[in-house]
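Please read them with the structure open.

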Amino acid sequence: MSKVIIMNHPLIQHKIGIMRRKTTSTKEFRDLVSEVAMLICYEATRELPLAEVEIETPLVKTIAHEIEGKKLCIVPILRAGLHMADGILNLIPNAKVGHIGLYRDEKTLEPVEYFCKLPADADEREIFVVDPMLATGGSADAAIALLKKRGITKIHFLCLIAAPEGVKRLTSAHPDVDVYIGALDERLNESGYILPGLGDAGDRIYGTK
């Protein structure tokens, strides 16, 4: 069964509180998306496997630890996931990056795929799918299904804000995927937006509304 980890760290809650305010500027909102993503990633990478390696310090030889295997790949769901990926890359600069493009049909609220580009060795890596909002769960479900069709099995999902409806759909469809959430909100409204939420994350990141 998937783990659902809801962050309770004061820094994350503080920063999300600023993001929720409608008076927060585009630049500040964008910066906060990256910062909160980095903090969530810190927790999401807690159980990565380590390998022992021999190194030499300025004084002696010793055993150190490094992340084992092909390491990591960040896969933002376009477009809003891009700034979450930027924040994670500040923490893990050697991670590879893939992209999945989905948009939500405004009538059905279901995702429509328009782009998917992944590293050639993505199936050998720990994959971190990132999207600021887990609302209906449709986009996250579709993105993870795309990855699984390509033989990828080590998948984690990270978001800033989630609705209970989205969490239920995602964990039911993909019980093998761990989910890391900055804040779990109350519900969806009739248009499929999270309440209290923070509005449309993509529009607020790019200043398009």
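**Notes on helix packing and selected residues**

1. T26 lies in helix α2; helices (H or I, at least four residues) and strands (E, at least two) are DSSP runs, numbered from the N terminus. This is a predicted model, in which local features need pLDDT of at least 70 and side-chain atom pairs count only at pLDDT 80 or more, while totals for chains, interfaces and linings use all residues. Residues are numbered from 1 along each chain as its sequence is written, and side-chain values use heavy atoms, with hydrogens and water left out.

2. T26 counts as partly exposed because its relative accessibility is 31%; buried means under 20% relative accessible area, exposed over 50%, and partly exposed in between (1.4 Å probe, protein chains only). Leaving aside residues up to four places away in sequence, T26 touches R204, I205, Y206 and G207, where contact means heavy atoms within 4.5 Å. With I205, the sequence separation is 179 residues, and the C-alpha to C-alpha distance from T26 is 5.8 Å.

3. Helix α1 (residues 10-20) packs on helix α2 (residues 26-44) at an angle of about 155°, and their axes are 10 Å apart. Axes are lines fitted to C-alpha atoms, for helices over the stretch in contact, and angles run from 0 to 180 degrees between N-to-C directions. α1 and α2 are therefore roughly antiparallel to each other; angles under 35 degrees count as roughly parallel, over 145 as roughly antiparallel, 65 to 115 as roughly perpendicular and the rest as oblique. The crossing of α1 with α2 is left-handed, a term used if the near helix is turned anticlockwise from the far one by less than a right angle, with right-handed used if clockwise.

4. Which residues in α1 and α2 meet? From α1 they are L11, I12, K15, I16, I18 and M19, and from α2 they are E28, F29, L32, V33, E35, V36, L39 and I40. Sorted by class, the contact of α1 with α2 has eleven nonpolar, three charged and no polar residues. Ala, Val, Leu, Ile, Met, Phe, Trp, Tyr, Cys and Pro count as nonpolar, Asp, Glu, Lys and Arg as charged, and the others, Gly among them, as polar.

5. α2 also packs with α3, at an angle of about 55° and with the axes 7 Å apart. α2 and α3 are therefore oblique to each other, and their crossing is right-handed. On the α2 side the contact is made by R30, V33, S34, A37, M38, C41 and Y42, and on the α3 side by H83, M84, D86, G87, I88, N90 and L91. By class, this contact of α2 with α3 has eight nonpolar, four polar and two charged residues.

6. Apart from residues up to four places away in sequence, I88 touches A37, C41, I74, V130 and L158. The C-alpha atoms of I88 and I12 are separated by 14 Å, and the two residues are 76 residues apart along the chain.

7. Helix α4 (residues 138-149) packs with α5 at an angle of about 20°, the axes being 9 Å apart. That makes α4 roughly parallel to α5. The crossing of α4 with α5 is right-handed. G138, A140, D141 and I144 in α4 meet R169, L170 and A173 in α5. By class, the contact of α4 with α5 has four nonpolar, one polar and two charged residues.

8. K168 lies in helix α5 (residues 164-173) and is exposed, with a relative accessible area of 61%. K168 and R30 are 28 Å apart in space, C-alpha to C-alpha, and 138 residues apart in sequence.

9. H156 is in strand β10 (residues 155-162) and counts as buried at 13% relative accessibility. The side chains of H156 and E126 are joined by a polar contact of 2.6 Å; a polar contact is a pair of N or O atoms within 3.5 Å, and within protein one must be able to donate a hydrogen and the other to accept it, while residues adjacent in sequence count only if both atoms are side-chain atoms. Not counting residues up to four places away in sequence, H156 touches E126, I127, F128, V129, V177, D178 and Y180.

10. Two cis peptide bonds deserve a look: L78 to R79, with omega near 5°, and L195 to P196, with omega near 0°. R79 lies in the loop between β4 (72-78) and α3 (82-91). P196 is in the loop between β13 (194-195) and α6 (201-206).
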